[in-house]
Amino acid sequence: MLKRSTFLCVALLALAACSHNGSDNGAAAPQPQPAPAQTAPAAPASAAKPATASTAAAPAPASTAASTAPATAGTAAATQTPAAPATPFVDDGKWVEGKNYYTIEPAQPTGNPDKIVVTEVFSYACPACNAFHTTADQIAKSLPANATMAYLPVAFRPDENFPLFQRAYYAAKALGVADKTYDAMFDAIWKTGELASDDLTTGRPKPKSAWPTLDDVAKFYAKYGVDPKEFVAVANSFSINTQMKQADDLQKAYGVEGTPTMVVNGKYRFTPGDAGGYAQSIELTKWLVAKEAAGK
């Protein structure tokens, strides 16, 4: 995440990244054309509208969720909208390896050989991810039938409370509410402030004693039908600890140094800055999916 002396507005975060080492690695990036849906504080294009507690899917028993074998990190598919038409692969020289995207070596298995897996590497606590997540949702909607969206939460900024939200994501995933609460979690941090680790008025980090806790997160998920005690039990389970460790290892294997980063089928990665903007990130993702489908 960027070192912050003042609160950065969404427009200035357009191509910024929350970096592993805390340095400002987005300042020199070219400014993008604003995405159409960026007028609000970056809620994804409403693929995952919050459900009411009465209509939310009933959570799995804690014993079942906690004992489930951990899934390969980053391969949980998001709620899928009707697939977009596949686009043929055409290499007209617009996208340049080593400039707009990077090859991951060695390529990493996705755990879903039947689909081309597009993964957003992110943190709810990252302001650049908050600015980008509308675009991430547009990417999910743009994918053809042979591709699927996934999310890989990272924890490399404990000074910004990333580990708490990584744990929260995997617990919510185990309880079946991660997809429907994706937008709402960003809003709870960056809009209403109920789960914010920063003072949204000043833009400065709160004292750690004022940071949200796992119990606070459990209260948030209670709005979606999850029992708070069950959420805490699942979040602290061996399965979730294992998935968090897998996510950390996978983030390193991908060579990801900042968030948000997009990864296509464990083979290619890029940031919005690499692509040249939000709209370009959608276009580049679709191009890499077509490239992968064509075996190029």
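**Conventions.** I number residues from 1 along each chain as its sequence is written, and my side-chain values use heavy atoms, with hydrogens and water left out. Because the model is predicted, local features need pLDDT of at least 70 and side-chain atom pairs count only at pLDDT 80 or more, while totals for chains, interfaces and linings use all residues.

**Helix H9.** I looked up H9, residues 278-293 (helices are DSSP runs of H or I, at least four residues, and strands runs of E, at least two, numbered from the N terminus). Its 16 residues reach 23 Å from first C-alpha to last, close to the 22 Å expected at 1.5 Å a residue (1.5 Å times one less than the number of residues). I noted its buried residues, among them Tyr278, Trp287 and Lys291 (buried is under 20% relative accessible area, exposed over 50%, partly exposed in between, with a 1.4 Å probe and protein chains only). Their cover includes strand S3 (116-122), helix H2 (127-142) and helix H8 (272-275). Gly295 follows H9 and has a positive phi, near 70°.

**Thr135.** I found Thr135 in helix H2. Thr135 is buried, at a relative accessible area of 0%. Its C-alpha is 6.3 Å from that of Tyr278, 143 residues apart along the chain.

**Core.** I then turned to the largest nonpolar core, which has 73 residues (buried Ala, Val, Leu, Ile, Met, Phe, Trp, Tyr and Cys joined through side-chain atoms within 4.5 Å). Helix H3 (residues 162-174) gives the largest share of this core, 8 residues. Phe231 is one of those with the most contacts inside the core (contact is heavy atoms within 4.5 Å). Not counting residues up to four places away in sequence, Phe231 touches residues including Ala168, Leu214 and Tyr221.
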